[in-house]
Amino acid sequence: ANPTTSTRQETVTCESLSRQVKVGHNNNNPTLRVILIRHGESMNNVEHEISRENYLKKRKADPELTSNGHLQAQHAADYLKAATNRLFSGIDELYVSPFLRTMMTAAPISEALDLPAKVWTDIYEVGGAHDNGVGVGGLTRSEMKNRFPTYELPSEVGEEGWYDVSRNKETKEMGKRRIEKVFETLKEWARECAREGRDRTVALVVHGDFIDFLLQAAYNLEGTAHVFPCYNTCITAFDMRADSRPLVLAHNSVSHLPPSLIKFDKLLKC
């Protein structure tokens with residue numbers, strides 16, 4: 001089905017698929033499993049639901065989660081901890097975008113899985129950190145340490161933030177190229193799995209357009225956006241093996257959320 005037209009984009013998984021994937025793991029064919037989790041509802045999402053004009057007027061460069069966003073994040077954390085869906089279980093490492101909304105979403109997931117969240121400064125949302133097109137630094141190292149003391153921060157996060165303000169607002173083309181490089185990093189991790197003869201599962205707490213463009217990179221698609229739209233805190237998963245095309249196992253799964261926390265009619269507006 002076309003993901004841009006279906007009313008509810010949710011994964012269909014089954015035990016036979018899960019068993020097939022697990023057999024592949026044990027068949028001398030080591031796999032990198034990548035689990036993508038979109039952030040919870042942010043204040044910008046709410047402004048965009050009203051209208052694009054309202055969003056452009058009230059947009060914040062680095063918004064916090066709403067109360068619904070916090071609830072969505074906790075549901076995702078509880079679901080991943082319970083490991084009721086084996087496709088999303090056994091996470092070895094947790095990475096997070098340096099934006100506030102993703103770092104807030106990752107907090108209950110990090111606690112539930114007993115894994116430190118590792119800030120990865122290349123997995124931010126398309127557009128970057130900007131205020132009306134003018135680049136801003138984003139959270140500083142001190143701010144991250146104060147708000148998220150258990151997170152692991154890379155050296156490039158300093159006291160002027162993590163974003164290169166000279167980039168100003170990142171264009172979609174710039175964003176696509178950056179995310180293609182992230183995909184190349186994931187491919188290298190898959191090759192490391194093959195060389196070392198071990199499986200590895202990584203989870204990334206990221207953004208809607210980031211997930212869209214990462215999947216486009218995986219399949220050499222040339223769309224501009226919304227080829228793979230996402231609900232807040234949806235879960236997408238794919239397997240990567242050395243030098244082969246990724247296998248998408250699930251996209252935009254929101255089975256962990258109650259219907260009251262899924263805005264079915266706002267798929268492309270939040």
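A crossing counts as right-handed if the near helix is turned clockwise from the far one by less than a right angle, and left-handed if anticlockwise.

**View 1. Helix α7 passes helix α8 in a right-handed crossing.** The model is a predicted one: local features need pLDDT of at least 70, side-chain atom pairs need 80 or more, and totals for chains, interfaces and linings take in all residues. Numbering starts from 1 along each chain as its sequence is written, and side-chain values use heavy atoms, leaving out hydrogens and water. Here α7 covers residues 172-196 and α8 covers residues 208-218 (helices are DSSP runs of H or I with at least four residues, strands are runs of E with at least two, and both are numbered from the N terminus). The two pack at an angle of about 65°, with their axes 9 Å apart (axes are fitted to C-alpha atoms, for helices over the stretch in contact, and angles run from 0 to 180 degrees between N-to-C directions).

**View 2. A closer look at where α7 meets α8.** From α7, the contact takes in Lys172, Lys176, Arg178, Ile179, Glu180, Val182, Phe183 and Leu186 (contact means heavy atoms within 4.5 Å). On the α8 side sit Asp209, Phe210, Phe213, Leu214, Gln216, Ala217 and Ala218. Sort these contact residues by class and you get nine nonpolar, one polar and five charged (nonpolar is Ala, Val, Leu, Ile, Met, Phe, Trp, Tyr, Cys and Pro; charged is Asp, Glu, Lys and Arg; the others, Gly among them, are polar).

**View 3. The second largest pocket holds about 240 Å³ of space.** Both α7 and α8 give two or more residues to its lining, and α7 gives the most, with six. Of the 20 lining residues, Phe183, Lys187, Ala217, Ala218 and Asn220 are the closest to the centre. Phe183, Ala217 and Ala218 also turn up in the helix contact. (A pocket is an open set of points on a 1 Å grid over the protein atoms alone, with protein on both sides within 12 Å along at least five of seven lines; lining residues have an atom within 4 Å of a point.)

**View 4. The largest pocket holds about 860 Å³.** Its lining runs to 37 residues, with His48, Tyr55, Glu125, Val126 and Asp209 closest to the centre. Helices α2 (43-50), α3 (52-58) and α8 each supply two or more of them. By class, the lining splits into 13 nonpolar, 13 polar and 11 charged residues.

**View 5. One cavity of 30 Å³ or more turns up in the whole structure.** Around it are Glu41, Gln72, Tyr231, Asn232, Leu257, Leu261, Ile262, Lys263 and Cys270. That makes five nonpolar, two polar and two charged residues.

**View 6. Six strands form an open, mixed sheet.** The order is β3-β2-β6-β1-β7-β8 (strands pair if DSSP finds at least two bridges between them). At the edges are β3 (117-119) and β8 (247-253), each pairing on one side only. From one strand to the next, the twist averages 20°. Strand β2 (residues 93-96) runs parallel to β3 over three bridges, and Val96 has Val119 of β3 as its bridge partner.

How values were computed
On a 1 Å grid over the protein atoms alone, a cavity is a set of points where a 1.4 Å probe fits but cannot get out, and a pocket is an open set with protein on both sides within 12 Å along at least five of seven lines; lining residues have an atom within 4 Å of a point. Grid points are joined across faces, edges and corners, and a volume is the space filled by probe spheres set on the points.
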